[in-house]
Amino acid sequence: AGPVAPVAAGDYAPPPDCPKALLANCFDASKLDARDAAIETEFGRECSKFGRVLDAECVLRGDDAGALLVSFTAVEGAK
């Protein structure tokens, strides 16, 4: 199998039952009106040091606005 192509922001939805970590206060949500692929990619790469990352998603609204929701393949990465 060859290299896996990167997934653009918004093109992938991880399984609903995969382990997730919510990282609070990662960016200023008041300055964004759409997901920021650069932020998601940067945090996804950093989090991959702890386990395989499936997705990193900017939370733009609600009580957790400004957070990143990172989806992992295993619970160990999300701890």
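Let me begin with the sheet, which is open and has three strands in the order β1-β3-β2, with antiparallel pairing. Two strands count as paired here if DSSP finds at least two bridges between them, and helices (H or I, at least four residues) and strands (E, at least two) are DSSP runs numbered from the N terminus. At the edges stand β1 (20-23) and β2 (53-58), each with a single partner strand, so one side of each is left without a neighbour in the sheet. On average, neighbouring strands of this sheet are turned by 15° against each other, with direction ignored; axes are lines fitted to C-alpha atoms, for helices over the stretch in contact, and angles run from 0 to 180 degrees between N-to-C directions.

Residues are numbered from 1 along each chain as its sequence is written, and side-chain values use heavy atoms, with hydrogens and water left out.

As for confidence, pLDDT is the predictor's confidence in each residue, from 0 to 100, and the protein chain averages 85, with 85% of the residues scoring at least 70. Over residues 1-7, however, the pLDDT is below 50, and beyond near neighbours in sequence this stretch has one contact in the model, a contact being heavy atoms within 4.5 Å. Where pLDDT is low, the predicted coordinates should not be read in detail.

Turning to the overall layout, the protein chain has two helices and three strands, and from the N terminus on these elements run β-α-β-β-α. Of the contacts in the protein chain with a separation of 6 or more, 61% are between residues 24 or more positions apart. Buried residues make up 29% of the 79 residues, where buried means under 20% relative accessible area, exposed over 50%, and partly exposed in between (1.4 Å probe, protein chains only). The accessible surface comes to about 5,400 Å², of which 53% belongs to carbon and sulfur atoms; these areas come from the Shrake-Rupley method with a 1.4 Å probe, and for residues only the protein chains shown count as cover.

Back in the sheet, β2 is joined by five bridges to strand β3 (residues 68-72), and the two run antiparallel. Helix α1 (residues 37-47) lies across β1, β2 and β3, and runs at about 140° to β2.

Which residues does S71 touch, not counting those up to four places away in sequence? S71 is found in strand β3, and its contacts are P14, C18, P19, K20, R52, V53, L54 and D55. With a relative accessibility of 2%, S71 counts as buried.

Now to the charged side chains, where the structure holds three salt bridges, a salt bridge being a side-chain nitrogen of Lys or Arg within 4 Å of a carboxyl oxygen of Asp or Glu. E40 forms one with R35, the closest N and O atoms being 2.7 Å apart; E40 counts as buried at 6% relative accessibility, whereas R35 counts as partly exposed at 27%. The side chains of R35 and D55 also meet in a salt bridge, at 3.9 Å from N to O. R35 lies in the loop between β1 and α1 and D55 in strand β2, so the pair ties together parts that are 20 residues apart in sequence. D55 itself counts as buried, at 11% relative accessibility.

In the remaining pair, the side chains of E46 and K49 meet at 3.0 Å, N to O; E46 is partly exposed, with a relative accessible area of 41%, and K49 counts as exposed at 60%. Salt bridges that share partners join R35, E40 and D55 into one network.

N25 lies in the loop between β1 and α1, has a positive phi of about 55° although it is not a glycine, and counts as exposed at 72% relative accessibility. A13 lies in the segment before β1 and is exposed, with a relative accessible area of 64%. From C-alpha to C-alpha, A13 and E57 are 9.7 Å apart in space, while in sequence they are 44 residues apart.

Conventions. This is a predicted model: local features need pLDDT of at least 70, side-chain atom pairs count only at pLDDT 80 or more; totals for chains, interfaces and linings use all residues.
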